[in-house]
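Student: I have a sequence and a model open side by side. Can you walk me through how to read them?

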Amino acid sequence: MPGATATNKAVAFPQLVDTRRAAEMLGRSPATLKRWRHEGIGPDWIEMEGRVSYDVSVLLEFIRKSTRVASVRAAMEDTREAV
């Protein structure tokens, strides 16, 4: 076809899991994820034809962003107890 250009870019498809599996990965119940969706909090989700799915990479990013580092004081107390 004149004017058409072919691209060889690979498309990375998300790895989707259902609510039950996403809840297992997050250590929560499926009901909690449903409530989070209703409240507009928690990880982003995908809804296609009424079925909810979660992208595993989004869940991992949600876990990463939710990870907290112990304060310096707490770390010092842990070190003192270990001695």
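Student: Let me start with one residue. Is Glu49 buried or exposed?

Tutor: Keep in mind that this is a predicted model. Exposed means over 50% relative accessible area. Glu49 is exposed, because its relative accessible area is 84%.

Student: Where is Glu49 found?

Tutor: Glu49 sits in the loop between strand 2 and strand 3. These strands form a hairpin with two residues between them.

Student: What should I look for in the backbone there?

Tutor: Check phi. Most residues other than glycine have a negative phi. Glu49 is not a glycine, yet its phi is positive, at about 50 degrees.

Student: Now the whole chain. What pattern does the chain follow along the sequence?

Tutor: Read along the sequence, the pattern is β-α-α-β-β-α-α. That gives four helices and three strands.

Student: What percentage of the 83 residues count as buried?

Tutor: Of the 83 residues, 19% count as buried. The accessible surface of the chain is about 7,100 Å². Carbon and sulfur atoms own 55% of that surface.

Student: How many bridges join strand 1 to strand 3?

Tutor: Three bridges join strand 1 to strand 3, which covers residues 51-55. Three bridges also join strand 2 to strand 3.

Student: Which residue in strand 3 is the bridge partner of Asp18?

Tutor: Ser53 is the partner of Asp18. Ser53 is also the bridge partner of Ile46.

Student: How many of the five residues of strand 3 are buried?

Tutor: Four of the five are buried, so strand 3 is largely enclosed by the rest of the structure.

Student: What about side chains on a strand?

Tutor: In a regular strand, side chains alternate between the two faces of the sheet. So on any strand, ask what lies on each face.

Student: Which residues make up the largest nonpolar core?

Tutor: The general idea comes first. In soluble globular proteins, nonpolar side chains tend to be buried together. The largest nonpolar core here has 10 residues: Val17, Ala22, Ala23, Leu26, Leu33, Trp36, Val52, Tyr54, Val56 and Leu59. Helix 1 gives the most, with three.

Student: Take Val17. What does Val17 touch, not counting residues up to four places away in sequence?

Tutor: With those neighbours left out, Val17 touches Ala22, Met25, Ser53, Tyr54, Val56 and Leu59.

Student: How many aromatic pairs does a search of the whole structure find?

Tutor: A pair of aromatic rings is described by the distance of the centres and the angle of the planes. The search of the whole structure finds one pair. Trp36 and Phe62 form this tilted pair, 5.9 Å centre to centre, with 55 degrees between the planes.

Student: Why does that pair tie together parts that are apart in sequence?

Tutor: Trp36 lies in helix 2 and Phe62 in helix 3, so the pair joins parts that are 26 residues apart in sequence. Trp36 is buried, at 14% relative accessible area. Phe62 is partly exposed, at 24%.

Student: One last residue. Where does Gln15 lie?

Tutor: Gln15 lies in the segment before strand 1. Gln15 counts as exposed, at 55% relative accessibility. Not counting residues up to four places away in sequence, Gln15 touches Tyr54, Asp55 and Val56. Gln15 and Ser53 are 38 residues apart in sequence and 9.5 Å apart in space, C-alpha to C-alpha.

Key
Residues numbered from 1 in each chain as written. Predicted model: local features only at pLDDT ≥ 70, side-chain atom pairs only at ≥ 80, totals over all residues. Heavy atoms only, no water. Buried < 20%, exposed > 50% of the residue type's maximum accessible area, 1.4 Å probe, protein only. Areas by Shrake-Rupley, 256 points an atom, 1.4 Å probe, with all protein chains shown as cover. Pairing = 2+ DSSP bridges. Core = buried A, V, L, I, M, F, W, Y, C linked by side-chain atoms within 4.5 Å. Contact = heavy atoms within 4.5 Å. Phe/Tyr/Trp six-rings, centres within 6.5 Å; stacked < 30°, edge-to-face > 60°.
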